[in-house]
Amino acid sequence: MTTEANKDAVDAIIDQWAAVRPDLETAPMELFGRIYRIARAMGDAMEQAYGRHGLSRGEFDVVGTLRRSGAPYTLSPRQLSATLMLTTGGMTGRLDKLEKAGLLCRKPDPHDRRGLQVVITDRGLALVDEAVTAGVEVQRAALTGLTEEEVGVLSGLLRKLLAGL
């Protein structure tokens with residue numbers, strides 16, 4: 001039950017709609033309004049965490065994808081684009097910047113002479129490991145108001161919601 005003491009900005013929006021459209025079922029608006037605000041706030045916090053390591057969120061996504069692909073930390077630009085849902089043009093820009101920074105390199109694909117492979121460098125590997133640790137700490141701090149059980153329940157519910165979209 002929501003009390004005046006724990007009302008948030010979404011409650012204010014819902015109250016306004018209730019005043020002008022009492023017939024409107026606002027439960028979905030209430031839920032997705034909070035999801036959107038959480039995503040926005042966490043996106044900003046993650047941008048700051050990665051920024052302290054010289055990476056934007058988009059750049060982290062590229063080196064992070066290479067890192068979590070496992071040794072030898074190599075993917076094709078096409079695989080990266082598909083994983084990150086980026087156009088090839090958008091991916092090329094990120095790869096250019098990361099290569100210039102010495103975090104990855106592009107090499108000929110030994111299995112396809114027309115293709116390239118993107119490989120994370122030792123410097124990129126060390127940096128992404130630092131950045132992902134910092135990011136997880138930011139996320140962990142955001143969850144301090146929830147119990148371990150509540151985190152599990154919330155995760156399960158969000159998984160179920162996402163599967164239904």
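Is the crossing of helix 2 and helix 6 left-handed or right-handed? In this predicted model, the crossing is right-handed. Two packed helices are described by the angle between their axes and by the distance between those axes. For helix 2 (residues 27-51) and helix 6 (residues 122-142), the angle is about 145°. Their axes lie 9 Å apart. Helix 2 brings Met42, Ala45, Met46, Ala49 and Tyr50 to the contact. Helix 6 brings Ala131, Ala134, Gly135, Val138, Gln139 and Ala142. By class, nine of these residues are nonpolar and two are polar. No charged residue takes part in this contact.

The protein chain as a whole holds seven helices and three strands. From the N terminus, the order of elements is α-α-α-β-α-α-β-β-α-α. The radius of gyration is 21 Å, well over the 15 Å that the globule rule gives for 165 residues, so the chain is more spread out than a compact globule. The C-alpha trace spans about 65 × 30 × 25 Å along its principal axes. Of the 165 residues, 25% count as buried. Contacts between residues at least 6 apart in sequence were also examined, and 44% of them join residues at least 24 apart.

Helix 4 (residues 77-84) has a buried side and an exposed side. Its buried residues are Leu80, Ser81 and Leu84. Seen down the helix axis, these buried residues fall within an arc of 100°, so they line one face of helix 4. The face turned away from the buried side carries the exposed residues Arg78 and Ala82.

Most residues other than glycine have a negative phi, and most peptide bonds are trans. Met85 counts as exposed, because its relative accessibility is 75% and the cut-off for exposed is over 50%.

The loop between helix 3 and strand 1 holds both Pro72 and Tyr73. A cis peptide bond joins Ala71 and Pro72. Its omega is about 15°. Tyr73 has a positive phi, near 60°, and is a residue other than glycine.

Leu125 belongs to helix 6. Gly90 is 35 residues from Leu125 along the chain. The C-alpha atoms of Leu125 and Gly90 are separated by 22 Å.

Another loop residue is Thr26. Thr26 lies between helix 1 (9-20) and helix 2. Its relative accessibility is 12%. Thr26 counts as buried, because this value falls under the 20% cut-off. Apart from neighbours within four places in sequence, Thr26 is in contact with Ile14 and Trp17.

Terms used:
Residues are numbered from 1 along each chain as its sequence is written. This is a predicted model: local features need pLDDT of at least 70, side-chain atom pairs count only at pLDDT 80 or more; totals for chains, interfaces and linings use all residues. Side-chain values use heavy atoms; hydrogens and water are left out. Buried means under 20% relative accessible area, exposed over 50%, partly exposed in between (1.4 Å probe, protein chains only). Helices (H or I, at least four residues) and strands (E, at least two) are DSSP runs, numbered from the N terminus. The arc is that of the directions from the helix axis to the C-beta atoms. Axes are lines fitted to C-alpha atoms, for helices over the stretch in contact, and angles run from 0 to 180 degrees between N-to-C directions. A crossing is left-handed if the near helix is turned anticlockwise from the far one by less than a right angle, and right-handed if clockwise. Contact means heavy atoms within 4.5 Å. Ala, Val, Leu, Ile, Met, Phe, Trp, Tyr, Cys and Pro count as nonpolar, Asp, Glu, Lys and Arg as charged, and the others, Gly among them, as polar. The radius of gyration is taken over C-alpha atoms; the globule rule is 2.2 Å times the number of residues to the power 0.38.
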